Amino acid sequence: ETKTRYALKCLSKKATVEHGQQIALCTERAIMAELDHPFIIRFVRSFNSKAWVYFLMELVTGGELLDALDALGLLTQAQAQFYAGALTLALEFLHERRIAYLDLKGENCLIDQHGYPKLIDFGIAERLKSGRCHALKGTPLFMAPEVILGKGCTTSADLWSLGVCLFDFMVGKFPFANDRCSNEEVFRKVLTQPVKFPSSFKCQAARDLIKGLLNRTPESRPGAGPAGYADLRGHQFFDGFNWDGLLGRSTKPPFVPTSEVYAEDNETGNQVKIVETSTDSPEQEDDDPSWTDPDPSWADDF
């Protein structure tokens with residue numbers, strides 16, 4: 001018999017408490033537990049021990065989306081339709097549930113063994129109860145202007161980030177700044193600079209969609225208006241694209257991994273292990289046996 005393998009994300013309680021991340025971790029668990037979508041990593045269950053909390057997740061073995069992009073080079077319109085389309089469907093699913101993801105970027109996407117993308121890492125996602133999120137969170141190169149300005153953002157901040165991703169997929173760089181700029185420079189450019197395309201970039205439909213997504217008026221972005229995601233899916237960039245084939249996973253991905261690759265979890269103090277059972281509570285060494293959680297009740301739901 002073949003055993004199902006899972007990824008086990010191990011989070012140190014000590015590090016969580018020292019960084020004041022208890023509420024964020026509980027929010028991440030609550031959000032993950034209600035998500036079931038082909039392009040979002042699947043949460044199986046969580047565990048709680050004296051020194052650790054654990055997330056048992058679906059194992060995704062195709063590496064990062066960034067690896068696929070490196071292998072493919074600049075994406076053609078058809079290739080970009082596939083990846084932007086999958087991200088669009090994942091965001092639509094989240095936004096229907098009033099969840100803002102707030103950290104959309106290639107690094108937060110893995111590729112499964114068949115070549116389909118999976119959104120991972122809901123560590124800063126927010127459930128928008130009152131309508132807006134005022135926290136400054138995300139990755140500067142992908143942050144929407146309204147997030148930077150602290151005006152309060154809605155789920156449409158994710159649509160801006162999708163525009164940054166699409167620009168990167170097809171042009172091969174970021175639209176306003178690069179990762180050598182300081183955060184202040186990035187923020188200034190995002191708030192003030194026009195979107196410029198290289199003259200060699202001829203895909204008019206892509207230019208139009210990217211400009212629409214990178215609109216500094218959040219409610220004017222395709223997907224954010226009264227017609228919702230129908231506007232985005234119906235954009236001419238996606239003309240002829242088979243959305244049902246993508247959702248049903250019958251569309252052929254542009255890149256299919258040939259071997260298993262396990263993306264590392266880059267967050268400090270977290271470990272990801274591969275395990276073959278979903279029922280055993282994991283055994284993990286205490287990272288500091290002398291440490292005691294001053295208020296352990298925050299992890300009761302794990």
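First, the ground rules. This is a predicted model, where local features need pLDDT of at least 70, side-chain atom pairs count only at pLDDT 80 or more, and totals for chains, interfaces and linings use all residues. Residues are numbered from 1 along each chain as its sequence is written, and side-chain values use heavy atoms, with hydrogens and water left out.

Now the layout. Domain 1 runs over 7-60 and domain 2 over 63-248. Those bounds come from an automatic or database domain assignment. The C-alpha centres of the two domains lie 24 Å apart.

How many residues meet at the interface? On the domain 1 side, 16 residues are in contact with 23 residues of domain 2. Contact means heavy atoms within 4.5 Å. The area buried between the domains is about 1,700 Å². That is the accessible area (1.4 Å probe) that two parts lose on being put together, summed over both. Carbon and sulfur atoms give 68% of this area.

Next, charges. The rule finds two salt bridges across this interface. A salt bridge here is a side-chain nitrogen of Lys or Arg within 4 Å of a carboxyl oxygen of Asp or Glu. Elsewhere in my notes is a salt bridge between the side chains of Arg 127 and Glu 34, at 2.7 Å, N to O.

Helix 2, residues 22-33, gives the most to the side of domain 1 that touches domain 2, with six residues. Helices are DSSP runs (H or I, at least four residues), numbered from the N terminus.

On to the loop. Thr 155 lies between helix 5 (145-148) and helix 6 (157-171). Is Thr 155 buried or exposed? Thr 155 counts as buried because its relative accessibility is 14%. The cut-offs are under 20% relative accessible area for buried, over 50% for exposed, and partly exposed in between (1.4 Å probe, protein chains only). Leaving out residues up to four places away in sequence, Thr 155 touches His 95, Arg 98, Ile 99, Ala 100 and Leu 128.

Last, helix 8, residues 204-213. Seven of its ten residues are buried, so helix 8 is largely enclosed by the rest of the structure. Among the buried ones are Arg 207, Leu 209 and Ile 210. What covers them? The cover for the buried residues of helix 8 includes helix 4 (77-96), helix 6 and helix 9 (229-233).

Key. Helices (H or I, at least four residues) and strands (E, at least two) are DSSP runs, numbered from the N terminus.
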